[in-house]
Each structure stands twice: as structure tokens, then as C-alpha cells.
Amino acid sequence: MKKEADFKEEYVTLSGIEHYLLHYQTKPENPVLLFIHGGPGQSESMMAYVVEEYEKRNYNIVYYDQRGAGKTYLRNKKEKPDTEILKKDLLEIVLYLKKVYQKEKIGILGHSWGSVLGSMFALEHPEHTLCYIGCGQVVNLMENERVGYLKLKNAIEKSGNKKDQKMLLKIGEYPVDYFDMQVYKKMGMVRKLQGKYDLAMSVDKGMIKILMKSPIMGMRDILPFLTGIMVNMQVMSDLMAFDLRQKGVDYQVPVYYVLGEKDQQTPVELGRKYFDEIKAPVKDMYLIKNAGHCPMLDNTADYRNAICEIAKKL
């Protein structure tokens, strides 16, 4: 495994604030992908080393911490973003990367909440987009939650676990079409149960170990993980009303979906249904076996193979 020389960190001032960027570079002629993390407000750059440190990588990739997340938040603690400012930030970062890497277009790789920003960018800015790769693809959050919650209820009823049945009663009506701290607490309870029944990402000892071993993780970096949702309340409210189908299905760039076959946090069947409707010059789907909402961590080898295959096509 490669060490520190395999990546480069930088802060760049765009849209009036300093943004943190993490570069994993290979040959200059290889395509450049921009990884857009989930959340909202949950940086994934700390975990990038697990995925990107391998010899056969045939692409350059840049992770960035969004306004209100990770190391960017630590430099700009007063910033409370909304979706529109994050879209503006994304455009500025793509333009910056085009200049730095001397590329006409940049590939967009969006995970979870990042798939919302990434899909909109690909639809609105094909002139800057080499391709769009959706991972843990969000189509409609309310529909995601309804489908995922129903499967959770069925799993708990089948298990006969009385304690978990009481937890469902405590949660009450779910989902609801607004967002506040009470809804956030409900969502947290749902995610905890979904993780227990292997239906969603689980923050367990393995995840904590990955973070603590990260070459870019420090004590200060714990804070944004704790405050991310409070800083991003407006973004989360925007997300509750989001429906990708209203943005259209006509993509002018190649579209690839890399989905965990067991994902029920953003139910894989909803992603596949929208993907079938997409019109694009090229489109392909990769279902990652034995993987849920985070295929890059659940089955790193197959996820890497999928991204490398896409990079070859580019």
C-alpha cells in the first residue's frame, strides 16, 4: 500500500471561502473524477485512503469537503449552506480542476447526498462533465424513506424482537414531509435499526477504526461529524422536497450507476427504475455484490473494478 506520497492536500479559495481538496493522482493523461460526498455535511475524504490507495488505479480523483462539512467547515464555521450555494461551489471547483489538470471536462462521482448535487450538475452543465457516476443514488428522498421504512418494519416483525417493535412505536409516523431536529432524531433511530438489520450504513467499530487510521484525520476533524446536520439544516430541508425525476432524464453525457445490491438506505430498486428511464449517449449499471449504501467500503475490490472499468471507457 502506498503511503503519504500517494495523495496531495490543499485549500483553495473559491466562492469566497477556503475549500479543502484531497488529490489522488496518477498519470496526467488519465481522466479526472471529482468525488462528491454524502450527508449532507458528512465528509468522506477521511476514508478515501481505503479506496484509492492501490496500484492499478487508472484515473485521477479529487475528494473535496463541501461547505459545512469536514475540513472546509473547520476553516469556515459560520457558513450554513443551502443547496444553491453548494451548486455554485461545485461549479467553481470543477472549473478550478479543469484548469489545474488541463482537462476539457471532469468526471462527476456523487455518493448519496452527493448524487443529488452530481446529477443536477451533469444535467445542467454537460459542457464541463466528462461523465456522471451515481453511487447510493438518491431519486426521491421521501420515497426512499417510505420504501426503506416498510422493509425495516417487515424485518422487525419477522424477527419477533419486542424491543425493536417498541422502538418503532416510539418513532411513530415516519417519514414526514418536513425536517427539524425531532425528525432528525427519528431518522437517527430508523438508521440505527436499519443498520442492525443490514438495511443501511452502520457507524460501527469498523467504521471508527477506518477513520482513526486515516492519514489525514486529526482530533479537530471529529467536530464536523458531530455538528454536520445542525450546520446543514437548510440543505436537509431542501433534500426532503427533492425529486430527481422532475429534473429530467435526458443526459448529454455518459451515465454510470455503481449501486450496492443490498442498499435499502437509498433503495436500489428505485435507483434502477430511474436509471431505466435515463436517455444518455452511453449508460451502464454496476451492481456491487454483498454491498449496501457504501459499496466502496462494503466491497472495495468490486467497487474499484467498476470505477477502473468506467475510467477505461473514458
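Me: Which residues do ring pairs link into a cluster?
Reply: This is a predicted model in which local features need pLDDT of at least 70, side-chain atom pairs count only at pLDDT 80 or more, and totals for chains, interfaces and linings use all residues. Residues are numbered from 1 along each chain as its sequence is written, and side-chain values use heavy atoms, with hydrogens and water left out. Rings of Phe, Tyr and Trp (its six-membered ring) pair if their centres lie within 6.5 Å, and their planes count as stacked under 30 degrees apart, edge-to-face over 60 and tilted for the rest. Ring pairs of this kind join into a cluster the residues Tyr132, Tyr257 and Phe275.

Me: How are the rings of Phe7 and Tyr24 arranged: stacked, tilted or edge-to-face?
Reply: A search of the whole structure finds seven aromatic pairs. For Phe7 and Tyr24 the ring centres are 5.8 Å apart and the planes stand at 50°, so the pair is tilted.

Me: How many residues apart in sequence are the parts that the pair of Phe7 and Tyr24 ties together?
Reply: Helices (H or I, at least four residues) and strands (E, at least two) are DSSP runs, numbered from the N terminus. Phe7 belongs to strand β1 (residues 7–14) and Tyr24 to strand β2 (residues 17–24), so the separation in sequence is 17 residues.

Me: Is Tyr24 buried or exposed?
Reply: Buried means under 20% relative accessible area and exposed over 50%, with partly exposed in between (1.4 Å probe, protein chains only). Since the relative accessible area of Tyr24 is 1%, this residue is buried.

Me: Are α5 and α7 roughly parallel or oblique to each other?
Reply: Helix α5 (residues 141–159) and helix α7 (residues 181–196) pack with their axes 10 Å apart and at an angle of about 55°, where axes are lines fitted to C-alpha atoms, for helices over the stretch in contact, and angles run from 0 to 180 degrees between N-to-C directions. Angles under 35 degrees count as roughly parallel, over 145 as roughly antiparallel, 65 to 115 as roughly perpendicular and the rest as oblique. The two helices are therefore oblique.

Me: Which residues in α7 do Glu145, Gly148, Tyr149, Leu152 and Ile156 in α5 meet?
Reply: Contact means heavy atoms within 4.5 Å. By that criterion, the α5 residues Glu145, Gly148, Tyr149, Leu152 and Ile156 meet, in α7, Met187, Val190, Arg191, Leu193 and Gln194.

Me: What distance separates the C-alpha atoms of Lys213 and Tyr49?
Reply: Lys213 sits in the loop between α8 (205–212) and α9, and is exposed, with a relative accessible area of 56%. Although Lys213 and Tyr49 are 164 residues apart along the chain, their C-alpha atoms are separated by 9.5 Å.
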